[in-house]
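Please read them with the model open.

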Amino acid sequence: RCTWIYRLQVDQIVCESFELNRANPTYLVPNFLLEGKMLNDSTVGIFRDSKELRLRRASIRCCVMSADAFRLALCSHRLLELDASWASEGLTGASVVSGLVSSPECSVSLQRLSLNGLHLDWGSLEESCVGFSSLLGLRTLHLANTDLTDDILEDICSLPHLESLDISCTPVSNLSALLQCKNSLRSLIAHRLRQLNMSPSRLLFVLSQLDALRHLDFSDDRPPAEDTDGRDGDEVARQLLEGSSRILPSLVSLDLSGRKMIGEAALAAFVESRSGLIFLGLLATGLSSSHVLTSLRNLKVTGEANENQVCEALRKYTERECFVQKALIQLYRLTTDADTAQPDMLELVLGAMKSHPSSLHVHLVATACVFNLTTQDLAEAMPVSLICSTITQLLHAMKTFPNHQQVQKNCLLALCSDYILQDIPFDRYVAAMLVINWLSNHQDPTLQRMAVAVISILVAKVETFKNSRITQLLAIVQQKAMVGVVDSTLKFALSALWNLTDEMPSAARSFIQCQGLELYEEVLESYYNEPTIQQKILGLLNNIAEVKELQADLMDEGLLEHIVILLKDTQVEVGVRYFAGGILAHLTSKAEAWTLDQDFRDAILKQLHESIITWAHLEREMVSYRSFCPFCPLLQTCQPSGVQLWAVWAIHLVCSQNTSHYSSMLERDGVTELLKALAAHPDTHSDIQRLVGSILRTCKWIKFYIYSTKCKKEKRNS
């Protein structure tokens, strides 16, 4: 439901960017626009009442709208500007113009009209007298990438106030019609007119008559294979440069990008004779590094000579794929050794990717530029919102070009950053899915290593995962284990599975369903002398042991005997013995759930206490916990001492390594009270009481330190 203020006047509707700009921020606006839904036949109907709602500027760019809906909703308003570029669902240039002409007010008021990318379908007009010339107030008309013909151009040029015209990428063959508006036309964009059928001399004559022209774009972005196709145009450009300042005397902006056959002497002559020049388009001409440009500081130039020229090209040629690609190639070269953050440059690269969402040529170079601009510590110096947008575009590239190895590599390189993966908010589930999908279909060792490294971090922050994805990670483990390889890919895959099952019962259940236990038992035995591999395997089994309903799957005497051997072996690293102890502590903590021999359980409990008490304190951080919730059942006063000791030793370890973080977690998860109860209970073993006392003293000290620091800070501020 929409509530309107009487005589509500909205100054501008912009649906391309999914927002509604108002002249007055107190005006109420419809929720469906603010929620980011584009205008269509259903939603545009709210604008039919031109008495209660007055529109002056409207953009239905890229919207799906029929001709009838357009006519009924928008043509009754006294519009000043309309952008219907790339609209679809039956909206043609002819239907837009006929709709506007049907409104006596619009036909006089409209000053700016953009129909880029529309099929004009001029033959569908029932009234031969209807045309652009009927829009008497029109000053600016954009018809790039349309089926514009010479006859329609003739009609356009009869407009009495026409000042700006864009006929780029159209099939017009003759520009003589421009002579009709030579006294009013100030801007002409005639980029890539491939079907021009005029001699260079005739074309130069027509252009030279446009005395009021201030901006001329006669560029051409033909690919290398078509270099011979534009020689006549290049000749016109050369003659235009060499001509005297009496030709186009008002010109202050000239774009000749892509014209490869103009020389430096002609450029120098032109620049020296035009003191008021403010812009030159020289991308892909080979002239952007000309010495004649070095002294003109106020002159904006698109080219390849330096970062300023390249960035200007990316700003200027947003919708021209070939130019964007050329600019990005040069930008990549210029930023290969970047050592300072350049957020403005990164925004331009992202803009290029958004403007050409399905272009492989653009994304191939753009993703490489993104890596250059965000590598090392550069991303940390940029706004978080910009890095979020960057990741969104990288994920789009991965999704759009799933089988292009270099694009995937560029994206993975850019994502391989602890700062990005850990601290920046984005859809990690989608990212993990895209990386795993790629991983399942490719075997390149370098990319496989990067992909698994990214996954190992992403899955730690993902709450659900499909069985098929776990299967793909297990396949990598099996592939490496079959040949006995110990490399970073295997380690990252094991870490990914370990993180994935951390306090995620559904993922742990999926691991078992995918025959992960059988594989891990084999790997545990075959990598007996590899502590890093064993630690990751036991860490995952420990995650499973924390889940009450899955403990029965671990009740395998052979597996547990092997784990007990690891627990007892003093030659084995403490990290491996720690996770072995965790599995055994969880499985023996519930006597009623124990399904193996009771003497075996008693022996495990005794061995737990005897082994843990000998463990040396670790300085390096070995493990991190999302919460202490899995420890709560182990800290009950009724638990055997071996179970209690393992839990207390684990808490003491992480609290001593990261006191401020884990002390607050103790309070949050209710562990502090459990520890106090354990310390006060008469049956608690002295070894446990000693560790509990150390934990409580450490946490009490850090709480006092935080409180005193806060007080000092408040005192300084006051």
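1. First, a term. A cavity is a set of grid points where a 1.4 Å probe fits but cannot get out, whereas a pocket is an open set. The model is predicted. A search of the whole structure finds 1 cavity of 30 Å³ or more.

2. The largest cavity has a volume of about 30 Å³. Its lining consists of Thr374, Ile387, Thr390, Ile391, Leu394, Ala414 and Ile420.

3. Which helix gives the most to the lining of the largest cavity? Helix 13, residues 384-400, does, with 4 residues.

4. The lining of the largest cavity has 5 nonpolar residues and 2 polar ones. No charged residue takes part in the lining of this cavity.

5. Turn next to an open space. The second largest pocket holds about 580 Å³. It is lined by 23 residues. Nearest its centre lie Ala460, Asn499, Asp502, Val623 and Ser624.

6. Helix 17 (445-458), helix 19 (488-500) and helix 22 (531-545) each supply at least two lining residues to the second largest pocket. Helix 22 has the largest share, 5 residues.

7. How do the lining residues of the second largest pocket divide into nonpolar, polar and charged? There are 7 nonpolar, 9 polar and 7 charged residues.

Notes. Residues numbered from 1 in each chain as written. Predicted model: local features only at pLDDT ≥ 70, side-chain atom pairs only at ≥ 80, totals over all residues. Heavy atoms only, no water. 1 Å grid on protein atoms, 1.4 Å probe; cavity = no way out; pocket = protein on both sides within 12 Å on 5 of 7 lines; lining within 4 Å. Points joined across faces, edges and corners; volume = space filled by probe spheres on them. Nonpolar A, V, L, I, M, F, W, Y, C, P; charged D, E, K, R; others polar.
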